[in-house]
Amino acid sequence: MKKVQYFILLLLMSCSTSKVITDYDDNTNFKEYKTYAFFDDIGTGLNEFDVDRAADALFEEMELLGFKEVETPDFYINFKAKIAAPKVTNTIAIGLGSGGRNGGFGVSGGIPIGGKKLDEEIIVEFVDAKTNELFWEGILTSTIKEKRKPEDRVAYFKEVVREILQKYPHNNDK
């Protein structure tokens with residue numbers, strides 16, 4: 001079943017371009033950070049279901065990277081989403097009317113196909129627990145379908161979190 005979900009996700013994401021942008025403090029010693037906890041108010045811009053999906057995906061990926069969730073962490077994780085208004089990306093053009101040289105009228109328009117799409121930004125922030133300073137941020141921008149099944153959303157958040165955290169400089173020599 002997981003292979004089917006990932007195939008569906010890859011199909012959904014291949015129809016749109018996603019891009020990860022990161023930024024961090026040059027003076028950060030990333031090797032100092034080994035433990036984390038989530039901020040209490042994570043998930044701004046997401047519904048409660050998607051907050052849980054994103055948190056689960058972050059927990060799994062952080063464990064794979066060797067980080068441990070604890071009550072008194074080295075850093076806190078926040079994540080949020082920004083979603084732009086729906087847009088129609090594909091239409092079928094229809095034209096009606098007279099093509100005569102001496103005037104006439106014509107009507108044309110488009111019929112949307114494939115459903116509405118949303119521009120979405122998923123933002124993951126790492127904040128030092130002692131200084132409360134942001135030391136790393138990863139942002140993935142993509143275009144997604146407005147209507148998705150719950151299992152597609154789970155697979156989507158797993159892939160988004162994986163893509164973002166691939167850019168974390170955890171192997172930094174500092």
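Q: Which residues is Arg-53 in contact with, leaving aside its neighbours within four places in sequence?
A: Arg-53 is in contact with Pro-150, Arg-153, Val-154 and Phe-157, where contact means heavy atoms within 4.5 Å. This is a predicted model, in which local features need pLDDT of at least 70 and side-chain atom pairs count only at pLDDT 80 or more, while totals for chains, interfaces and linings use all residues. Residues are numbered from 1 along each chain as its sequence is written, and side-chain values use heavy atoms, with hydrogens and water left out.

Q: Where is Arg-53 found?
A: Arg-53 is found in helix 2. Helices (H or I, at least four residues) and strands (E, at least two) are DSSP runs, numbered from the N terminus.

Q: Buried or exposed, that Arg-53?
A: Arg-53 counts as buried because its relative accessibility is 17%. Buried means under 20% relative accessible area, exposed over 50% and partly exposed in between, with a 1.4 Å probe and protein chains only.

Q: Which other residues are buried in helix 2?
A: Besides Arg-53, the buried residues of helix 2 are Asp-50, Val-51, Ala-54, Ala-55, Ala-57, Leu-58, Glu-61 and Met-62. What covers the buried residues of this helix includes strand 2 (35-38), strand 4 (75-83), strand 7 and helix 3.

Q: How many residues has helix 2, and what span does it reach?
A: Helix 2 has 17 residues and reaches 25 Å from its first C-alpha to its last, close to the 24 Å expected at 1.5 Å a residue. The expected span is 1.5 Å times one less than the number of residues.

Q: What happens at the start of helix 2, and what follows the helix?
A: At the start, a side-chain oxygen of Asn-47 reaches to within 3.0 Å of the backbone nitrogen of Phe-49. For a polar contact, a pair of N or O atoms must lie within 3.5 Å; within protein, one must be able to donate a hydrogen and the other to accept it, and residues adjacent in sequence count only if both atoms are side-chain atoms. Helix 2 is followed by Gly-66, which has a positive phi near 95°.

Q: What about Phe-67: where does it lie, and is it buried or exposed?
A: Phe-67 lies in the loop between helix 2 and strand 3. Phe-67 is buried, because its relative accessible area is 5%. Its C-alpha and that of Tyr-33, 34 residues apart along the chain, are separated by 8.1 Å.

Q: What does Lys-34 touch, not counting residues up to four places away in sequence?
A: Lys-34 touches Gly-66, Phe-67, Lys-68 and Asp-74. Lys-34 has its place in the loop between strand 1 (19-24) and strand 2, and it counts as exposed because its relative accessibility is 53%. The C-alpha atoms of Lys-34 and Leu-65, 31 residues apart along the chain, are 9.7 Å from each other.

Q: Changing topic, how many cavities of 30 Å³ or more are there?
A: The count comes to 1 cavity of 30 Å³ or more. On a 1 Å grid over the protein atoms alone, a cavity is a set of points where a 1.4 Å probe fits but cannot get out, and lining residues have an atom within 4 Å of a point. The largest cavity has a volume of about 30 Å³. Grid points are joined across faces, edges and corners, and a volume is the space filled by probe spheres set on the points.

Q: Which residues line the largest cavity?
A: The lining consists of Leu-46, Ala-54, Leu-58, Phe-79, Ile-122, Val-124, Phe-157 and Val-161. The elements that give two or more residues to this lining are helix 2 (48-64), strand 7 (117-128) and helix 3 (150-165). The lining residues divide into 8 nonpolar, no polar and no charged. Ala, Val, Leu, Ile, Met, Phe, Trp, Tyr, Cys and Pro count as nonpolar, Asp, Glu, Lys and Arg as charged, and the others, Gly among them, as polar.

Q: And which residues are buried in helix 3?
A: Among the buried residues of helix 3 are Arg-153, Phe-157 and Val-161. Helix 3 has 16 residues and reaches 23 Å from its first C-alpha to its last, close to the 22 Å expected at 1.5 Å a residue.

Q: What is the phi of Asn-132?
A: Asn-132 has a positive phi of about 60°, although it is not a glycine. Most residues other than glycine have a negative phi. Asn-132 is found in the loop between strand 7 and strand 8 (134-145).

Technical notes
On a 1 Å grid over the protein atoms alone, a cavity is a set of points where a 1.4 Å probe fits but cannot get out, and a pocket is an open set with protein on both sides within 12 Å along at least five of seven lines; lining residues have an atom within 4 Å of a point.
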